[in-house]
Amino acid sequence: MKKCLVVYSDYYKSISKNLLKGCISILKKNKINYDAYLVDGSYEIPQLINIKIKTKKYNSAIALGCVIKGKTPHFDFISKAITDSIMKLSLKYNLPVSNGVLTCNNQAQAKIRSSGKKNKGIEAANALISVLKNLK
C-alpha cells in the first residue's frame, strides 16, 4: 500500500507543529497512511520530497512550513523557489503534491494561518484528498 509523504520544516516550531497537527488529523480522518519527515528550513522541503518520491513508496506528498518576510528580497526568492519546485515535482512524477508552506508578512499572520479553522495544514491535506479522489 502506498502512502502520503509529509515533509515539514520546523524553522518556526510552533507554526509548523500546528500545521503538522492539522494535516495529520485530516489524513487520519480519511484513513490515509503517511510518513512524516522533518527538515530544518522550508527551502529543503522540495529537495527531500524529490529524493523520497523516487522510492516509489508514495502516491502523494504534502509540503508544510513557513517563510516570513524580512527586510531583504530573500523572502521573495525562497518563496518562489519553493512554490515552483513543488509544482515541478508534481508534474515530473505525475503525483499530487500539496503546498502547505505559508508565505507570511509577519509572525502574527503566520500564527493565524496555522491555527483553528484557518489552519493551512488542514487545507493542504483536504486539497490533496480532493485530487486523490479524482484519480480513482
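How far should the 17 residues of helix α1 span at 1.5 Å a residue, and how far apart are its end C-alpha atoms? The legends below start with that helix. This is a predicted model, in which local features need pLDDT of at least 70 and side-chain atom pairs count only at pLDDT 80 or more, while totals for chains, interfaces and linings use all residues. Residues are numbered from 1 along each chain as its sequence is written, and side-chain values use heavy atoms, with hydrogens and water left out.

**View 1. Helix α1 from end to end.**
Helix α1 covers residues 13-29 and should span 24 Å; its end C-alpha atoms are 24 Å apart, which agrees. The expected span of a helix is 1.5 Å times one less than its number of residues. Helices (H or I, at least four residues) and strands (E, at least two) are DSSP runs, numbered from the N terminus. Just after α1 comes lysine 31, which takes a positive phi of about 55 degrees.

**View 2. The buried residues of α1 and their surroundings.**
Here you can pick out Ile15, Ser16, Leu19, Leu20, Gly22, Cys23, Ile24, Ile26 and Leu27, the buried residues of the helix. Buried means under 20% relative accessible area, exposed over 50%, and partly exposed in between (1.4 Å probe, protein chains only). These buried residues pack against the strands β1 (3-9), β2 (34-39), β3 (58-68) and β4 (97-104), and also against the helices α4 (107-113) and α5 (120-134).

Serine 16 belongs to helix α1 and is buried, with a relative accessible area of 3%. Contact means heavy atoms within 4.5 Å. Leaving aside neighbours within four places in sequence, serine 16 is in contact with Ser9, Asp10 and Tyr11. Serine 98 sits in strand β4 and counts as buried at 8% relative accessibility. Not counting residues up to four places away in sequence, serine 98 touches Ala61, Ile62, Ala63, Ala124, Ala127 and Leu128.

**View 3. Cysteines without a disulfide.**
How many disulfides does a search of the whole structure find? The search finds zero, a disulfide being a pair of cysteine sulfur atoms within 2.5 Å. For cysteine 23, the closest cysteine sulfur is in cysteine 4, and at 6.4 Å it is too far for a bond. Cysteine 23 is buried, with a relative accessible area of 0%. For cysteine 104, the closest cysteine sulfur is in cysteine 66, and 4.7 Å is again too far for a bond. Cysteine 104 is buried, its relative accessible area being 0%.

**View 5**
Side chains of opposite charge can pair when their charged atoms come close. A salt bridge is a side-chain nitrogen of Lys or Arg within 4 Å of a carboxyl oxygen of Asp or Glu, and by this rule the count comes to five. Lys3, Asp35 and Lys57 are linked in a network of salt bridges. Aspartate 35 bridges to lysine 3, with the closest N and O atoms 3.1 Å apart. Aspartate 35 lies in strand β2 and lysine 3 in strand β1, so this pair ties together parts that are 32 residues apart in sequence. Lysine 57 meets aspartate 35 at 3.8 Å, N to O. That pair also links distant parts of the chain, with lysine 57 in the loop between α2 (45-53) and β3, 22 residues from aspartate 35. Is aspartate 35 buried or exposed? Aspartate 35 is buried, at 15% relative accessible area, whereas lysine 3 is partly exposed at 27% and lysine 57 is partly exposed at 43%.

Lysine 120 and glutamate 123 join their side chains in a salt bridge of 2.9 Å, N to O. The two are three residues apart in helix α5, so about one helical turn separates them. Lysine 120 is partly exposed, with a relative accessible area of 22%, and glutamate 123 is partly exposed at 37%.

**View 4. The aromatic pair of tyrosine 11 and tyrosine 12.**
One aromatic pair turns up in a search of the whole structure. Tyrosine 11 and tyrosine 12 form this pair edge-to-face, at 5.0 Å centre to centre with 80 degrees between the planes. Rings of Phe, Tyr and Trp (its six-membered ring) pair if their centres lie within 6.5 Å; planes under 30 degrees apart count as stacked, over 60 as edge-to-face and the rest as tilted. Tyrosine 11 counts as exposed, at 58% relative accessibility.
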